[in-house]
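Please read it with the sequence and the model side by side.

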Amino acid sequence: MKTPLYVFSEEKIRENYKKIVSVMNKIKICYAMKANSEEGVLRILAEEGAWFECASKGEFDIASQVGIRPEQIIFGLPIKTEETITYVYERGERYFVFDDVVELEKLIKLAPNSNKLLRIKVNDISPDTIDFGMSMERIMENTKNWLKYVDGITFHISNNSNLEVFGEVSRRVCEILEILNKNSKKKYIVNIGGGLSLSAGQDFYDGINKIIEGFMEAYDVEFYAEPGEAIVNTSGKFYTKVIMTKRNGRLVDVYIDAGIPQGIAVRRIPSAINIYGCSRVKDEKVIYRFIDCTCMGAALFTKRTNLDIQDDDILEFEGCGAYSVPFCNDFHAYEKCRILFKENFRSIPVIQK
């Protein structure tokens, strides 16, 4: 096996997508491309009927190259250059997010026939959420009566698995919809963003669906969601060879052959680590510190395990499908990690050391 290597399971991507669709059956699912924009991932999800959310001209181009129609893409970045707006609008993009009146004015001018979605601020309700979004105070001011141009509302709750938080944000959305309906009676879009997890439990999704049903009874609305990590993370594994192990006090440093200081594990720690093709273990657990082979010398992550990791082992990191591949770079001009798509993980040949 030539390492470093990412392997993605087509079966798992489809399974995760179908599961998120089944638990959120009243919502249009738009895959967040920032989680992983590999063409193979996008093709599989396009075959399943997914919509997509992109945040750059580059992501828009990748989606177009694999045959995704622009009317199936939401351009979710709140702040954009005029050149970007013009570029994607001329190529058919019709869903834009904004969180400032200046940005809305650019859309009115450059993308007049698009759906303009107001991103609202929610990090006062959920503090660990990214600080995009317009505050309620600013929305209520509505100077120049700009709300008449709004076609929908969008928000994002990080680590969205708390029904109480979702309910509180939903009440804010309801308050804004009341105002919008006074200005114009039409079908509005409500985009609940990403941050969703398949492990949140059925009770959480039942609660979301109940809230959404209430919205649909009260207003003429269409719901969207933008899961990314929930779909792709468990569908990707990362394989790397151990260059050297070295005792460092009470730790053992494990140097791996991946030249990706902003790649694996910077955003997410692997859900599990295995010695590929081997079940060698120690009697006691060891604290391993995993370090890539650049001159940065910084640990990617630490893990306490009873695995007996040795030089030349091939390690398998599970749960590396999201926020890993997109962060690979050419630091030190290292060759970027290869990426393979398999029907499923069972089709990967086991290599005995």
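The largest cavity in this predicted model has a volume of about 40 Å³, and a search of the whole structure for cavities of 30 Å³ or more finds 1.

**Lining of the largest cavity**
- The residues that line the largest cavity are Phe155, Phe166, Ser170, Val173, Val190, Ile192, Ile211, Ile212, Phe215 and Phe223.
- By class, this lining comprises 9 nonpolar residues and 1 polar residue, with no charged residue.
- At least two residues of the lining come from each of helix 7 (163-183) and helix 8 (202-218).

**Helix 8**
- Helix 8 consists of 17 residues and reaches 24 Å from its first C-alpha to its last, which is close to the 24 Å expected at 1.5 Å a residue.
- Its buried residues are Phe204, Tyr205, Gly207, Ile208, Asn209, Ile212 and Phe215, and of these Ile212 and Phe215 also belong to the lining of the largest cavity.
- The elements that cover the buried residues of helix 8 include helix 1 (10-23), helix 7 and strand 9 (221-225).

**Helix 3**
- In helix 3 (residues 57-65), the buried residues are Glu59, Phe60 and Ala63; seen down the helix axis they fall within an arc of 100 degrees, so they line one face of the helix.
- These buried residues of helix 3 pack against helix 2 (39-47), strand 3 (51-54), strand 4 (73-75) and helix 4 (82-90).
- Helix 3 is followed by Gly67, which has a positive phi, near 90 degrees.

Key:
Residues are numbered from 1 along each chain as its sequence is written. This is a predicted model: local features need pLDDT of at least 70, side-chain atom pairs count only at pLDDT 80 or more; totals for chains, interfaces and linings use all residues. Side-chain values use heavy atoms; hydrogens and water are left out. On a 1 Å grid over the protein atoms alone, a cavity is a set of points where a 1.4 Å probe fits but cannot get out, and a pocket is an open set with protein on both sides within 12 Å along at least five of seven lines; lining residues have an atom within 4 Å of a point. Grid points are joined across faces, edges and corners, and a volume is the space filled by probe spheres set on the points. Helices (H or I, at least four residues) and strands (E, at least two) are DSSP runs, numbered from the N terminus. Ala, Val, Leu, Ile, Met, Phe, Trp, Tyr, Cys and Pro count as nonpolar, Asp, Glu, Lys and Arg as charged, and the others, Gly among them, as polar. The expected span of a helix is 1.5 Å times one less than its number of residues. Buried means under 20% relative accessible area, exposed over 50%, partly exposed in between (1.4 Å probe, protein chains only). Contact means heavy atoms within 4.5 Å. The arc is that of the directions from the helix axis to the C-beta atoms.
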